[in-house]
Amino acid sequence: MVYLIFLAVGVFMSSALAQDVVFVELNTRYTTSDVQVAEPKLIGTYIASTCKHFQGKDAVISLLLLNNQGWIIDDGVVRFFVTEAPASKHGIIYADDVLCTNVIGAQVLPSCTVRNWNGTDLYVHTTSGDVQAISFTMVVRFENTKVIEKNVKPVNYRAFKHFESFKMSDSPVYLTQSVHIDQAVELVYKHNVILNMSFCANPETTKRMKIDSLVLGVGGQSAFNQYACKKLPCTVDGKNVFLSNPNQLPMNILPLSTNIGDFNYLYVLVRCWGGDYNPKIMKYVGNFVYGAEVVKF
């Protein structure tokens, strides 16, 4: 029997039988690799390539204004509109194409949410305010769809009097994809967990993709090794393992490099070596956090 218990401080995982394995789906987000510095009234386009991996999830698009966290218009803001793809052959964005925006009436907000995402590429079209050197970073994250109250009416973007059609940028920026676990994972000594993730290539990834997979032990007694597979079953010494870092380390790093199509689905087996003694279950338990990011090269 496999049991999975969520704790207030993290996620605890164990199995009564050695051959039983817990599977964990990781959270995905897309970010700018560099700080964006916009000239006055500059139009930009940012693309998150998803390969339809996140259908049915909510896409939350957020901007951090590094010099204007209060989003005061006079200090320089960035307005943005989100679409599924360029709506016309000429790259013109119309109100009918908008899925969400951070412009609500006279307000300019830090984020907006696309409910039940069902597309391939998510486009964020930005326009900077009339202030020099507006610095910002962008995050697009996919979350499980939240329940919406029945009496909440959907926003009608066509009714926005301020909206004017505009042409998307000729030099789009592709956002960098990464996966992570929000909470620390607690894993019993000499037990395994398989992390399930999906990656999507974009034109900037070239013909090959490199991913850095990082398992970071929390506390002074935790150590782990990891094994990467492109399909299941994924086991230590298994035929589906194509790369591994078998060293039992507090920080275990595994660089992965392969053809871009091979990482549509990726499985990483993490095995615990060590941990602090937990008197409640009378076992040694290790703790780790995890992250993996596509590296451009």
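Which residue does cysteine 100 form a disulfide with? Cysteine 112 is the partner, and the two sulfur atoms sit 2.0 Å apart. Keep in mind that this is a predicted model.

## The disulfides

Let's stay with that bond for a moment. The torsion about the S-S bond of cysteine 100 and cysteine 112 is about 45 degrees, so this disulfide is right-handed. Cysteine 100 belongs to strand E10 (residues 100-101) and cysteine 112 to strand E13, so the link ties together parts that are 12 residues apart in sequence. Both cysteine 100 and cysteine 112 are buried.

In total, the structure holds three disulfides. Another one joins cysteine 51 and cysteine 200, with 1.9 Å between their sulfur atoms. Cysteine 51 is found in the loop between E6 and strand E7 (58-65), and cysteine 200 in the loop between strand E20 (192-197) and strand E21 (208-218), so here the bond ties together parts that are 149 residues apart in sequence. The link of cysteine 51 and cysteine 200 is right-handed, with 70 degrees about the S-S bond. Its two ends fall into separate accessibility classes: cysteine 51 counts as partly exposed at 31% relative accessibility, whereas cysteine 200 is buried, with a relative accessible area of 5%.

Then there is the disulfide between cysteine 229 and cysteine 234, at 2.1 Å from S to S. This link is right-handed too, with 75 degrees about the S-S bond. Cysteine 229 is buried with a relative accessible area of 0%, and cysteine 234 counts as buried at 3%. Number the bonded cysteines along the chain and you get the pattern 1-4, 2-3, 5-6. One more cysteine to have a look at is cysteine 272, which is buried with a relative accessible area of 0%.

## Salt bridges

Next, the charged pairs. The count comes to two salt bridges. In one of them, aspartate 58 pairs with arginine 115, and their closest N and O atoms are 2.9 Å apart. Aspartate 58 is part of strand E7 and arginine 115 is in the loop between E13 and E14, so this bridge ties together parts that are 57 residues apart in sequence. Which of these two is buried, and which is partly exposed? Aspartate 58 is buried, at a relative accessible area of 1%, while arginine 115 counts as partly exposed at 40% relative accessibility.

In the other bridge, the side chains of arginine 141 and glutamate 143 meet, at 2.8 Å from N to O. Arginine 141 counts as partly exposed at 31% relative accessibility, and glutamate 143 counts as partly exposed at 23%.

## The loop around asparagine 116

The loop between strand E13 (111-114) and strand E14 (121-128) is also where you'll find asparagine 116. This residue counts as partly exposed, at 45% relative accessibility. Follow the sequence and asparagine 116 is 60 residues from glycine 56, yet in space the two are 4.3 Å apart, C-alpha to C-alpha.

## Aromatic rings

The structure holds seven aromatic pairs. One of them is formed by tyrosine 46 and phenylalanine 136, edge-to-face, with 6.1 Å from centre to centre and 75 degrees between the planes. This pair links distant parts of the chain: tyrosine 46 is in strand E6 (residues 43-49) and phenylalanine 136 in strand E15 (residues 134-143), 90 residues apart. Tyrosine 46 counts as buried at 6% relative accessibility, and phenylalanine 136 counts as buried at 2%.

Phenylalanine 224 and phenylalanine 288 make another pair: their ring centres are 5.0 Å apart and their planes are at 65 degrees, so the pair is edge-to-face. Here, too, distant parts of the chain are linked, with phenylalanine 224 in strand E22 (residues 222-229) and phenylalanine 288 in strand E27 (residues 283-295), 64 residues apart. Both phenylalanine 224 and phenylalanine 288 are buried. Ring pairs also link Tyr30, Phe54, Trp117 and Phe142 into a cluster.

## Charges over rings

The charged end of lysine 230 sits over the ring of phenylalanine 242, at 4.7 Å from its centre. Over the ring of tryptophan 273 sits the charged end of arginine 271, at 5.5 Å from the ring's centre.

Technical notes: Residues numbered from 1 in each chain as written. Predicted model: local features only at pLDDT ≥ 70, side-chain atom pairs only at ≥ 80, totals over all residues. Heavy atoms only, no water. Helix = DSSP H or I, 4+ residues; strand = E, 2+ residues; numbered from the N terminus. Buried < 20%, exposed > 50% of the residue type's maximum accessible area, 1.4 Å probe, protein only. Phe/Tyr/Trp six-rings, centres within 6.5 Å; stacked < 30°, edge-to-face > 60°. Lys NZ or Arg CZ within 6 Å of the ring centre and 35° of its normal. Disulfide = S-S within 2.5 Å. Salt bridge = Lys/Arg side-chain N within 4 Å of Asp/Glu carboxyl O.
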